[in-house]
Amino acid sequence: MITMNFKKRKPATRKTRILISVWFLCAGLVVSAQSESKRTALFNLENKLAIQGFDPVSYFKQNKAVKGKKDMAVSHQGVTYYFSSAANKEAFLKTPAAYEPQYGGWCAYAMGYSGEKVEINPETFKIVEGKLYLFYNAFFNNTLKSWNKEEAGLKKKADANWKKILN
């Protein structure tokens, strides 16, 4: 017969519990700071500003690109967004992920075609299944037109390429 001898442990002191709590808090902050830093390094930002200052909610609510205002800025996980109205700012604050552009705000077509991070024209966009996709459009090259011709395949490739970039 096997007998086990369990020693009674003393309950943790208040000081020990506080130290453990502080350690977990610090560890959480470090992880959060690292993910914010990684996010800002991967996203299409200019001085931490997304979508060149355009209001991300306007694409959904007004079906057009509207320039946001600096005094209506919100920082979300290290990325700053400008809004054109208080209502749009509030909508974003409720569900930021619903309004953020796909692929970190890089050109969706380029992400699908070659996995490259290419600048965008914030006024060239498309909402697909409730998600915002932005496109390069300059020098007689509107990549939204190319995206529309083979959207399903490009979207699948872009999703896979973005996942590789994030990891």
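This report looks at aromatic pairs and at one helix in a predicted model.

## Ground rules

Local features here need pLDDT of at least 70, side-chain atom pairs count only at pLDDT 80 or more, and totals for chains, interfaces and linings use all residues. Residues are numbered from 1 along each chain as its sequence is written, and side-chain values use heavy atoms, leaving out hydrogens and water.

## Rings that meet

You'll find 9 aromatic pairs in the structure. Rings of Phe, Tyr and Trp (its six-membered ring) pair if their centres lie within 6.5 Å; planes under 30 degrees apart are stacked, over 60 edge-to-face, and the rest tilted.

Take Tyr 59 and Phe 125: their centres are 4.7 Å apart with 70 degrees between the planes, an edge-to-face pair. This pair links distant parts of the chain, as Tyr 59 sits in helix H2 and Phe 125 in strand S5, 66 residues apart. (Helices, H or I with at least four residues, and strands, E with at least two, are DSSP runs numbered from the N terminus.) Both Tyr 59 and Phe 125 are buried, meaning under 20% relative accessible area; exposed is over 50%, and partly exposed is in between (1.4 Å probe, protein chains only).

Tyr 109 and Tyr 113 are both in helix H5, 4 residues apart. Their ring centres are 5.5 Å apart and their planes at 15 degrees, so they are stacked. Tyr 109 is buried at 15%, whereas Tyr 113 is exposed at 60%.

## The two faces of H3

In helix H3, Asn 88, Ala 91 and Phe 92 are the buried residues. The face turned away from that buried side carries the exposed Ala 87 and Lys 94.
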